[in-house]
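Welcome, and thanks for taking a look at this one. Please have the sequence and the 3D view open as you read the briefing below.

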Amino acid sequence: MNIENFISEAVRKSVEALYGPLDKEQLQIQKTRKEFEGDYTLVTFPLLRRSRKSPEATATEIGEYMTANIPEFKSFNVVKGFLNLSLDVKFWTDRFSELAADPSFGQAAPTNRTVMIEYSSPNTNKPLHLGHVRNNLLGYSVAQILAANGHNVIKVNLVNDRGIHICKSMLAWQLYGNGETPESTGMKGDHLVGKYYVEFDKHYKEQIRELMAGGQSEDEAKKNAPVMLQAQEMLRKWESKDPDVYALWEKMNGWVYKGFDATYKAMGVSFDKVYYESQTYLLGKSLVQEGLDKGIFYRRDDNSVWIDLTKDGLDEKLLLRGDGTSVYMTQDLGTAYRRFEDNKLDDMIYVVGNEQNYHFQVLKLILKKLGYADWSDHITHLSYGMVELPNGKMKSREGTVVDADDLIADMVSTAREMSDELGKLDGCSEEEADAVSTMVGLGALKYFLLKVDPKKNMMFDPRESIDFNGNTGPFIQYTHARISSILRKAAEAGISLEGKVDVELLKEEVDLIKTISDYPQVVAQAGDNFSPSIIAAYAYDLAKQFNGYYHDHSILKEEQAGVRKFRVQLAAEVAQIIAKAMKLLGIEVPERM
């Protein structure tokens with residue numbers, strides 16, 4: 001039973017029995033606020049023109065009718081024009097039996113909508129860093145949440161494997177690398193290539209200083225620095241498929257892909273399909289030509305191609321450089337076209353930082369002007385804030401980033417250290433301790449990054465994230481491990497989880513059942529808002545609520561067999577929901593800890 005639908009239908013029937021058929025009036029029903037007694041609250045003010053009575057009298061009349069005619073409602077109270085309705089305890093025991101018997105509880109029925117979500121989108125000139133970690137974890141979690149809402153989800157990665165940045169790393173390796181390879185250095189391939197991206201920037205800045213000392217302005221020096229001119233020439237050669245440049249590009253990108261795959265595996269994220277910018281930018285060029293043919297775009301004297309969006313309140317946007325090379329917008333046009341044509345998508349979601357808000361506004365507008373409004377309106381930019389550090393922002397070209405591989409290793413190491421200190425790993429074998437430390441370290445990282453609303457910037461504090469108390473992943477993981485221990489002891493004592501038990505419920509037990517019952521609505525809300533933080537908040541509230549109940553009431557030592565069995569069943573369902581919710585965040589929960 002969908003509880004919200006049941007309540008809504010029961011209230012509607014009662015109001016119509018008293019005041020006649022409702023027309024377009026929307027019943028305003030919400031959960032009763034915690035400071036008042038009741039489960040659901042009806043706002044009666046919109047009904048006063050029908051009842052022709054005061055708000056209090058209207059609420060009282062509806063409450064009396066419902067408690068007299070609908071057995072599930074046991075009592076009511078009126079606060080001004082608000083009718084607070086309380087459901088019978090049997091209603092909650094029946095709901096609990098229903099949801100406990102439903103293995104797919106929280107999984108919506110298929111919607112037949114196909115949604116593609118793009119996340120990660122790394123450049124092949126540097127390893128993944130903390131900002132990429134938030135992107136990957138957010139994208140993967142939103143994909144899980146949308147799948148739980150019944151959508152057919154396609155997870156994709158667009159690898160930015162071409163362009164001037166890639167040529168900078170390639171050129172620096174060519175000039176200063178002395179033939180280094182991942183094998184000869186023992187470095188991961190993405191780290192090795194990233195090293196030369198930093199190396200390029202170092203030499204570029206030196207050359208700018210030298211040119212400025214020789215009398216050039218800063219802007220002139222930036223344009224005329226030899227390494228920049230060489231990088232631009234390398235890009236032109238790549239686009240014309242120069243065999244030597246292309247071979248170097250394939251070799252160095254191969255190193256990077258191997259490194260990326262290792263990081264994705266450690267992070268616990270995956271993709272259904274990988275697109276490469278090198279394969280889509282040409283299609284983007286053909287769309288640019290289409291725009292020129294239609295008179296939507298125009299060519300400047302330097303041969304570059306632009307679109308004028310000033311009448312739309314934006315500015316003029318470059319689509320193709322004067323030398324014929326592409327920009328990001330070129331390939332994004334081509335990629336969007338290819339995806340919608342190939343996959344018959346209903347929606348396309350881009351998980352990209354908020355510094356690209358304008359880019360996606362322009363992308364949708366250009367596609368609309370090209371005549372693709374039927375699907376360009378179904379593009380969503382899931383914009384997220386930056387992850388900041390106590391010492392400021394990260395800069396890849398200066399080598400001041402928090403490397404994703406180092407971060408993951410440090411999180412696991414810190415989890416092991418703190419777990420040992422607190423005795424959480426007592427009795428574990430070395431293999432079990434390693435597995436739990438990995439689970440807790442990654443769980444702490446993922447939860448800390450996902451519990452914050454995606455739109456907000458955030459400060460990352462690794463040690464705070466591994467606290468076993470408070471709003472953290474390890475706190476929720478430990479709650480699951482605690483319940484798993486209870487269930488193992490219950491099984492040893494021969495307590496079965498099968499069969500319905502009729503017992504008089506405590507208020508805390510009803511409250512737990514209510515929270516569990518909310519899970520499908522929470523998943524739906526998280527899907528509507530593309531926000532894992534809603535799932536994270538729910539998982540934390542449920543874990544905190546159970547721990548309070550566990551502290552105040554015995555489970556295995558309860559003397560009445562029926563009550564004891566029900567409490568074990570309730571604990572088992574809490575563990576199930578915690579595991580489901582955390583899985584939507586990409587987080588595993590341990591059986592022992």
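Let's start with Ala571, which, apart from its neighbours within four places in sequence, is in contact with Ile483, Phe546 and Ile555. This is a predicted model, and the mean pLDDT of the protein chain is 92.

- Ala571 belongs to helix α23, which covers residues 561-584.
- With a relative accessible area of 0%, Ala571 is buried, since the cut-off for that label is under 20%.
- Between Ala571 and Gly139 there are 31 Å in space, C-alpha to C-alpha, and the two are 432 residues apart in sequence.

**Helix α5**
- Helix α5 takes in residues 130-148, a run of 19 residues.
- From its first C-alpha to its last, α5 reaches 27 Å, close to the 27 Å expected at 1.5 Å a residue.
- Because 18 of the 19 residues of α5 are buried, this helix is largely enclosed by the rest of the structure.
- After α5 comes Gly150, where phi is positive, near 95°.

- You will find Gln174 in helix α6, which covers residues 164-176.
- Is Gln174 buried or partly exposed? Gln174 is partly exposed, as its relative accessible area is 47%.
- Setting aside neighbours within four places in sequence, the contacts of Gln174 are Met234 and Leu248.
- Leu248 is 74 residues from Gln174 in sequence, while their C-alpha atoms are 8.9 Å apart in space.

**The chain as a whole**
- The secondary structure comprises 23 helices and 14 strands.
- Along the principal axes, the C-alpha atoms fill a box of roughly 90 × 65 × 40 Å.
- Of the 593 residues in the protein chain, 52% are buried.
- Among contacts with a separation of 6 or more, 73% join residues 24 or more positions apart.

**Surface and charge**
- The protein chain exposes about 27,200 Å², and 48% of that area is supplied by carbon and sulfur atoms.
- There are 71 positive and 87 negative side chains in the protein chain, and the centres of these two sets lie 3 Å apart.

**Confidence**
- A pLDDT of 70 or more is reached by 97% of the residues in the protein chain.
- Over residues 392-399, pLDDT stays under 50.
- For that stretch, residues 392-399, the model has 23 contacts beyond four places in sequence.

How values were computed: Residues are numbered from 1 along each chain as its sequence is written. This is a predicted model: local features need pLDDT of at least 70, side-chain atom pairs count only at pLDDT 80 or more; totals for chains, interfaces and linings use all residues. Side-chain values use heavy atoms; hydrogens and water are left out. Helices (H or I, at least four residues) and strands (E, at least two) are DSSP runs, numbered from the N terminus. The expected span of a helix is 1.5 Å times one less than its number of residues. Buried means under 20% relative accessible area, exposed over 50%, partly exposed in between (1.4 Å probe, protein chains only). Contact means heavy atoms within 4.5 Å. Accessible areas come from the Shrake-Rupley method with a 1.4 Å probe; for residues, only the protein chains shown count as cover. Lys and Arg count as positive and Asp and Glu as negative; His and the chain ends are not counted. The place of a charge is taken as NZ of Lys, CZ of Arg, CG of Asp or CD of Glu. pLDDT is the predictor's confidence in each residue, from 0 to 100.
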